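Subject: Structure handover and notes

Hello,

Here is the structure I said I would pass on. My notes follow below it.

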Amino acid sequence: MFVNQFLFLAAILFCIGVYGVVARKNAVLVLMSIELILNSVNINLLTFSLRNGSTDGHTFALYIIAVAAAEVGVGLGLVLLVYRNKRSISVDDLSEMSG
Amino acid sequence: MLFAEQVLTPLSSGWFLENAWLIPVIPGIAFAMIILIGKRMPMKGSELGVISMLAALVLSVGAGYQWIQRVNSASEEQFVSPVIKSWTWWQSGGFEFGIGQHIDGLSVLVLLVVALISTLVQIYSLEYLRGDRRYTHFFAALTLFSGGMLTMVLADNMLLLLLGWEIMGLCSFLLIGHWWEEDVNSKAALKAFLTVRVGDVGLLVGIIMLYFTANDWTREHLGVSGFSIRGLSAWALSGEPNSTVIMIAAIALFIACIGKSGQFPLHTWLPDAMAGPTPVSSLLHSSTMVVAGVFLVARLYPVFFVGLDILGDGGNLIMIIGGITIVISAALAFVQDDIKRVLAYSTVSQLGYMMLGLGAGAWMPAVFHIFTHAFFKACLFLAAGSISHSASHHSFDMKRDMGGLRKVMPITFTTWIISTLALTGVFPFSGFFSKDEIIDNVGNNGYGLFMIIGLIGAFLTAAYMTRATYLTFFGAPRGASAGQSVNDVHDHAAHSPVAHGPHESGALITVPLIILATLALGSGFLNATPFGESWERMKLWVEPRSEVVVEGIAVASESVVVSKNYSPQSEEGHASSVCGSQTPETGVCYAPKLNHAPFKWPKAMISLMIVFLGMAISWVVSFRLYTKRDPKFVGLTQRVSVLRAGHKLLVNKYYLDDLYEKVIVRGIAYPIARTAYWFDQKVLDGIIHAVARSARLVSGWVYRNIDQRIVDGAVNNSASATKYVGGVVQPTQSGKVSQYGALLFSAAAVAALVLVIINT
């Protein structure tokens, strides 16, 4: 029971994140949803680390937080540039790669 | 070994003998130079030919002189070993082919004759062929021709001999067909070449047989290969060879001699070879080419001696062929109108004498006849050429264009008469000393029938030569000789403006004639048996002595001891000979012991009487027939049926040409050609057509089914499939990030599901 609660929480967070990435049009919200996904992964890592009595998961979680911060920085920079060019931050407008 | 101490005299040698191999090399180099730079030389290359021949002559004279010294340095019955030099030509597997010289009396004699006559003929040709369109090539071929003969003469092994032999065959083709623009000439050249080739097969077979049977013996005993002439001579007389094998080999070699020396039944090419320029006929018929066959028999005499049982009972192949040739060709000479053809048949007949002599064990007289015959026959041909050049507008027809020429051409006439007397064998001209000796020795060795054939031949020779002489030089001038202008069919020799009308030829023609006539008159005295032993110089110098030789030390055989006191009448001289009739117990023999007939004047008188009788009868008949037009004689061959049949037979040359061309060539070659054509048309073409047709069918099917359907279909279908798939998948490339994300996550979910299912 102890582990399942954490895993359920992580799964719910993951699903909310995926929903946000797929359904939301706002690029900032998409970025936030990606943060949710990353944090659900962090919860998973910490859960299994606790269960196995090792600190590897904690180390990974710390790394992921650092990388996520950098990623958000890059992502917000992109959003800013897109807004400057398009006057919109809707991801549906960014369909130049359409085949 | 008893007499070893008496014969250990060292033999003298000298530069000319040691370096005799240069003699054929010089004409060879001259040939190459004439071909390469001859046309740019001031005399169009002819000077190179003449100079090379003169050089060869000088070297030959030197070699002859030193050979005589060598013979004189030997003791009386010692075998004078030949000067042999040998190098390896090329090697192949276990076979080693040598190249080198074998100089003995026979080589030196023939070298001298060839070099001398070639020189004179080349000088003669300077005038005779002046202005010819292929002047340079003529001299090139003439020089190479002499070079071939010289190579053959001093070859130390059979392969080198074969090389010289074939060079001559090629050059005779080139020279006989020199004026190939006329169909007759090129046909004659082909005929000469092909007829001789028929015989050459025999030469190859003989050489190969001798090599494989003799090689082991010669390697073991003499350390030379089975091609070596010295080795083969010793092997033949060693008692080693199987009599059947050596007989077949000797017959094979003799077939080559028949072809080359124009013996019956392959003599037919020789008269046709008259199509060549006269100097060529002269060279071809006197000292080179036709003499090659006789020379081969004389050179490998031990092989023929043992193989064909010379001196055995009854006749042998060489004698029979020689005897037949003498008579049939002499008879043919009577029906020829062409002066050169008369001489050609005369050559064939004289070669028959040489063969008869060799076959009957009369080696020395036969070889001596090569020597004397070369001079007078060369002289006769050159005289005939002189007549046609200066008197008869290049016609050789005695009946139409000659007659009464003795007054306008005194030098030609005199040389002709001297040579004719030499040819017919009148004392003291050279032919007497050689031909009479042959006839005499044939009789002395117990072949009475062949002696009579020889005498008949002498009678016929005297008669046809008298007829030719009468028609040419006596009676009234006819045709061109009478100054009648005829259309000059030969435009090959440019005339100087004064050359029209019969006149004596220039110095370049008469000087060779005079030299040759002098030799025809005098050369007989080199071996004049009638004057006793001391006159028989040629026998001393040339004839190899039958002595048993051991490892370089000569051991006088028993026979030699006997022959010291040898008197021709005594019986035991022949019986106790070792070489030839018995196997030598120690050492080897190089020459069989031969007898020499003692000269007797009564016998010589008989043959002289026969000759004079022949001349007289022929003279009377010719006079009555050609000058008086006596009705008893004119048309005799038409009126009397026996004579008519004989005349017809002779005019048609015994139908031998018909036999060869119509029966043998048609009978053998035509069916072969027809069968080959049929095979080609039906079988080969059928196969090819069938293959082609099936290939066409198969390729059509392949085109339609494999290429069009499978290969093209695969390409086209894959392209359209790609297009279709592309069309189907295209909507996924919407460019909408959220859609991509949805796809990504659903794919990840599917992958996770699969992972879970696999792991449980």
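Between which two helices of chain B does the loop with B:M289 lie? B:M289 is in the loop between α11 (278-286) and α12 (290-299) of chain B.

Before the rest, the conventions. This is a predicted model, in which local features need pLDDT of at least 70 and side-chain atom pairs count only at pLDDT 80 or more, while totals for chains, interfaces and linings use all residues. Residues are numbered from 1 along each chain as its sequence is written, and chains are lettered from A and ligands numbered from 1 in the order in which they are written.

Chain B overall

Chain B has 29 helices and 4 strands; helices (H or I, at least four residues) and strands (E, at least two) are DSSP runs, numbered from the N terminus. Of its 760 residues, 50% are buried. A residue counts as buried if 20 or more other C-beta atoms lie within 10 Å of its own, as exposed if 12 or fewer do, and as partly exposed in between, with C-beta atoms placed from the backbone. Two residues are in contact if their C-beta atoms, placed from the backbone, lie within 7 Å. Among the contacts in chain B between residues at least 6 apart in sequence, 77% join residues at least 24 apart.

Backbone details

Most residues other than glycine have a negative phi, and most peptide bonds are trans. B:M289 is not a glycine, yet its phi is positive, about 50 degrees. B:M289 is buried, with 28 other C-beta atoms within 10 Å. A:R87 also has a positive phi without being a glycine, here about 60 degrees. A:R87 sits in the segment after α3 (56-86) of chain A and is exposed, with 8 other C-beta atoms within 10 Å. The peptide bond between B:F264 and B:P265 is cis, with omega about 0 degrees. B:P265 belongs to the loop between α9 (243-260) and α10 (269-272) of chain B.

Domains of chain B

An automatic or database domain assignment supplies the domain bounds. Chain B is divided into domain 1 (11-308), domain 2 (318-479 + 503-538 + 600-651) and domain 3 (656-759). The C-alpha centres of domains 1 and 2 of chain B lie 26 Å apart. Where these two domains touch, 37 residues of domain 1 are in contact with 39 residues of domain 2. On the domain 1 side, the elements that give two or more residues are α4 (105-128), α9, α10, α11, α12 and α13 (301-307) of chain B. Of these, α4(B) gives the most, with 12 residues. By class, that side has 26 nonpolar, 10 polar and 1 charged residues; Ala, Val, Leu, Ile, Met, Phe, Trp, Tyr, Cys and Pro count as nonpolar, Asp, Glu, Lys and Arg as charged, and the others, Gly among them, as polar.

α4(B) is mostly covered, with 23 of its 24 residues buried. Its first and last C-alpha atoms are 34 Å apart, close to the 34 Å expected at 1.5 Å a residue. The expected span is 1.5 Å times one less than the number of residues. Helix α20 (residues 448-473) of chain B has 26 residues and should span 38 Å; its end C-alpha atoms are 37 Å apart, which agrees. Since 21 of these 26 residues are buried, α20(B) is largely enclosed by the rest of the structure. B:G475, which follows α20(B), has a positive phi near 75 degrees.

B:L650 is in helix α27 (residues 641-651) of chain B and is partly exposed, with 17 other C-beta atoms within 10 Å. Leaving out residues up to four places away in sequence, B:L650 touches B:A331, B:L332, B:F334 and B:V335. B:L650 and B:I328 are 322 residues apart in sequence, but their C-alpha atoms are 8.9 Å apart in space.

A helix pair

α16 (residues 363-390) and α18 (residues 410-424) of chain B have axes that come within 9 Å and cross at roughly 145 degrees. Axes are lines fitted to C-alpha atoms, for helices over the stretch in contact, and angles run from 0 to 180 degrees between N-to-C directions. The residues that meet include B:F376 and B:L380 in α16(B), and B:W416 and B:L423 in α18(B). By class, this contact has 8 nonpolar, 5 polar and no charged residues.

Chain A against chain B

The contact between the chains takes 10 residues from chain B and 11 from chain A. The chain B side divides into 3 nonpolar, 6 polar and 1 charged.

Regards
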